[in-house]
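Please look through the sequence and the model shown here before reading the briefing. The notes that follow are grouped by topic.

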Amino acid sequence: MPPTIWLFEDQLSLDLEPLNRSKDAAVLLIESDRNMRRLPYHRKRLVFLVSAMRHFVQELQSSGREVAHYPLQKTGYRDSLSALRHYVRKTGCNEFWIIEPSEYHTRKWLESLTDQLGIKITYFPNTLFLTDRHEFRQWVQGIKSPVMEHFYRKMRVKHDVLMDGDKPVGGKWNLDHENRKPIRGQVDIPRRMTFPPDGITQQVIQEIDRRFSDHYGTTDGFDLPVTRSDARIFFDDFLDHRLAGFGDYEDAMLTDEPVLFHSMISPLINVGLLDPLECVRAAEDRWRQNKAPLNAVEGFVRQILGWREYVYGIYWSFMPEYRDRNSRGSERKLPDFFWNADTDLNCLKQCLRQVVKHAYTHHIQRLMVLCNFATLTGISPQAVNDWFLTMYVDSHDWVVTPNVIGMGMNADGGTMATKPYVSSAAYINRMSDYCQKCRYDPKSRTGKNACPFNYLYWTFLRHFRESLGKNMRMNMILKNLDRIPQNEMRQMMQHRKQFIESL
Ligand SMILES: Cc1cc2nc3c(=O)[nH]c(=O)nc-3n(C[C@H](O)[C@H](O)[C@H](O)COP(=O)(O)OP(=O)(O)OC[C@H]3O[C@@H](n4cnc5c(N)ncnc54)[C@H](O)[C@@H]3O)c2cc1C
Ligand code: SF4
């Protein structure tokens, strides 16, 4: 009996080693009802995952592969284990070829399967990432401060991306300081491409609405690509129309403009419909052809070759204890408005509305509005982690956990970031148009119209002054903190207390 290649929901690529090694082996794909109920996932996330898998099954079949597919609606196989038992009984298969799963809990579960089912599992490296997780762990263990920038430079050299011999093209590794422009006045924002649901996706939408009616979000307006070929068209459209503005406006936020100059390829790249190196090389080509400036292309390359690979390495180096880290002991419950956007803080309202509607916001909204607020108010990092896992179309444990526990909330004790990404209203006011339509005043720290981000920020700094003071990069900010008159600080503390009680 030949082995069966068992692929998971985020391994939807034809270019995988076991597929290349055996053209005859059958492929197993399972839609697990139980996994889809682990959290009350946004329905658009479920539609995307299920529809992409069903389209991939078709693609495999038309390439001549034998496919065993256990769809959701097949009663009796509500989870992967029961489907697997059925498959093993029916076919007599006793060996599975598996690509290393991206998520820790799946890896642990697989380890228990050999005993439970008496099957052999042969693992293949997960080439949907460019990083070898064992190598990364060694790197992290052998270095005092495993910052992303060092890793990113190594990756540029290793893959020869934006390099001029052994030097970075243009002489600098990082052009981030050029990428902080707000959108003011007349800036043409190109529309992103949309893909109306085909027959398969329409059926999936009906199924998800019926089976998961208690889940968050809506399936209305689902328009993402769900096949490899559409994913490539979607990405090419980004390269043609938005990449050139990606750098300048990377940090900008604008009402009712969820995507701006971002790519929105995270859901696609995360399930294997796009390959990370393909995306990086295509962007580099645009720069070499003079079709996009270096600050845009370097910025984009750093997100994928740097941040994406780095968080994957961090995840696999520190799980499972990483998920439970809570270095500031923040225990507050997540406010209800995270689920329904019912708040009068306009920046939060706009970002949360976007999440409820699109299951997507771009990076700065995630980091500098949502996580900033959660950190300043002392919300439990684990509650925030679960919320991000639930609400976003691109969520997977390996990417959410380091981004929330590490980057977003700085709850990992400083492994990923040496200082917290927190700010007052000044940053949000500079980078967005949210404050213009808000009932709060971004310039006031006290008084009835004072913006909560202001007094939350300064009282947070005061509270954690001692630990923050150990970081040289905080010196300037802490000097400003020390200049605040005692009376004003007392008022801000009072505002903080009232605000937190109202959550
Ligand atoms: C609190 C928080 C939660 C996040 N949750 C997710 C998540 O669930 N899924 C997810 O894919 N990304 C997540 N990110 C990272 C990043 O915000 C998203 O990848 C990005 O916003 C997706 O939009 P985009 O495709 O338009 O990205 P672009 O801005 O166009 O960037 C291009 C690509 O770079 C990669 N990338 C950029 N930043 C990161 C990063 N910090 N970590 C990993 N990859 C990165 C993504 O693949 C992204 O598609 C999170 C970040 C934060 C701060
Ligand atoms: S004033 Fe404050 S609460 Fe209102 S949008 Fe600006 S930062 Fe957000």
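Which residues in H20 are buried? In H20, Pro-452, Phe-453, Asn-454, Tyr-455, Leu-456, Tyr-457, Trp-458, Thr-459, Phe-460 and Leu-461 are buried, where buried means that 20 or more other C-beta atoms lie within 10 Å of the residue's own, exposed means 12 or fewer, partly exposed means in between, and C-beta atoms are placed from the backbone. This is a predicted model, in which local features need pLDDT of at least 70 and side-chain atom pairs count only at pLDDT 80 or more, while totals for chains, interfaces and linings use all residues. Residues are numbered from 1 along each chain as its sequence is written, and chains are lettered from A and ligands numbered from 1 in the order in which they are written.

**Helix H20**
- Helix H20 (residues 452–463) is a DSSP run, as are the other helices (H or I, at least four residues) and strands (E, at least two), which are numbered from the N terminus.
- Because 10 of its 12 residues are buried, H20 is largely enclosed by the rest of the structure.

**Around ligand 1**
- The shell around ligand 1 holds 27 residues, of which the closest are His-262, Ser-263, Gln-303, Arg-308 and His-363; a residue is near a molecule if its C-beta atom, placed from the backbone, lies within 6 Å of it.
- Helices H11 (266–271), H13 (294–318), H16 (363–376) and H18 (397–408) each supply at least two residues of this shell, and the largest share, 6 residues, comes from H18.

- Most residues other than glycine have a negative phi, and most peptide bonds are trans.
- Asp-160 has a positive phi of about 50 degrees although it is not a glycine; Asp-160 lies in the loop between helix H7 (148–159) and strand S6 (163–164), and it is exposed, with 11 other C-beta atoms within 10 Å.
- Leu-260, in the loop between helix H10 (243–246) and H11, also has a positive phi, near 50 degrees, but Leu-260 counts as buried, with 22 C-beta neighbours inside 10 Å.
- Met-319 and Pro-320 are joined by a cis peptide bond with omega about 5 degrees, and Pro-320 is found in the loop between H13 and helix H14 (337–340).

Terms used: The expected span of a helix is 1.5 Å times one less than its number of residues.
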